[in-house]
Structure formats: C-alpha cells, structure tokens
Amino acid sequence: MTTPRDRVEDALARLGPWLPATLVALGIASAWARRFVLDDAFIAFQYARSLVEGHGLTWFGTRVQGFTDPLWVLWTAIGLACHVDPVVWTRATGLAACAVTLACTWRLARVTTGSRLLAALAVLVLGLNHTFAAYATSGLETMLQAMLLTL
C-alpha cells in the first residue's frame, strides 16, 4: 500500500530534471524581485576602479586598506577592465552563484535525505528566504561565499 508521501515522491520523480531546474529558476526570480545594491559594495567598486585606472588599490589616490574582500575587489576589477558596469557584473555573478548554491542545496538534500520532496522543500525554503534572495544582487561577495561553502 502506498502512502500519500510515496505518491508525492512518485509524482516528483516523473518531473525528472525539470523539478530542480524549476526550483532554481524560482529562486533566481525571487532574488531578482528583491534586487538592490548595498552601499558598501561601492567601496569595493571604487577600489576596483582605482586598480583598473592604474592607481593600485587606493581610495581616491590614498593608499589605505579600506576593504575586507580583496578577491571580490579583484573580481570586480576584471569586470571593469572588460568595460562592464560593476553593478551589472556583480549582479550577474551573484545570480550565477545563487543558482549554483540552490542546485547544490538540491543535491545535498537528495543525498542526505533520499527524498525529492525534502530536497524540494530545502531549495524552496532557501531560495525564497528574503535575506538569501536579496543578497544575491547586493554587489557584495556574500553569495559567492554561500556558493563556495555549499560546494
């Protein structure tokens, strides 16, 4: 005799790879709906701009350590060197990292629980969480760190 949970698992199994892809897309849509750029991101943007302009990692020409995310500043500088606006560059990076984080969450939940239902719930809870979704487009390195941790 099958239980209601077994029937749900069977229905989710029939969706195949469309289920996690849809959940990730929903998480990205949630992030886009909450998009913003935190003012602190502009500190990294300024250091990156100074670096690309040949002034080194300076704050308007002054050599002072005013950032806490050196790899993110360098990543932002790559975007600026490619003539991409830093807001666009960091948003695209954040959304990509968000997608990878959600996909890894699906995989982790499937491996640890063996359940598509619980994996779907894990991705939904994370992807629709206001703070997680908002920081995907904040301009900061937060989502990259989440992705690396999840990986």
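In this predicted model, L57, L71 and L74 make a nonpolar surface patch of about 280 Å² (patch members have over 30% relative accessible area and no salt bridge, with nonpolar side chains, i.e. Val, Leu, Ile, Met, Phe, Trp or Tyr, joined within 5 Å; areas follow the Shrake-Rupley method with a 1.4 Å probe). L57 counts as partly exposed because its relative accessibility is 32% (buried denotes under 20%, exposed over 50%, and partly exposed the range in between).

R91 belongs to helix α5 (residues 86-113). R91 is buried yet forms no salt bridge (a side-chain nitrogen of Lys or Arg within 4 Å of a carboxyl oxygen of Asp or Glu). The nearest side chain of opposite charge, D85, lies 7.7 Å away. Apart from residues up to four places away in sequence, R91 touches W32, R35, F36, V37, A136 and T137 (heavy atoms within 4.5 Å).

The chain contains eight helices and zero strands (DSSP runs of H or I with at least four residues, and of E with at least two, respectively). Its radius of gyration is 19 Å, well over the 15 Å given by the globule rule for 151 residues, so the chain is more spread out than a compact globule (C-alpha atoms; 2.2 Å times the number of residues to the power 0.38). The C-alpha trace spans about 75 × 25 × 25 Å along its principal axes.

Residues are numbered from 1 along each chain as its sequence is written, and side-chain values use heavy atoms, without hydrogens and water. As the model is predicted, local features need pLDDT of at least 70 and side-chain atom pairs count only at pLDDT 80 or more, whereas totals for chains, interfaces and linings use all residues.

Definitions and conventions. Buried < 20%, exposed > 50% of the residue type's maximum accessible area, 1.4 Å probe, protein only. Lys, Arg positive; Asp, Glu negative; His and termini not counted. Patch = residues over 30% accessible without salt bridge, like charges linked within 9 Å, V, L, I, M, F, W, Y side chains within 5 Å.
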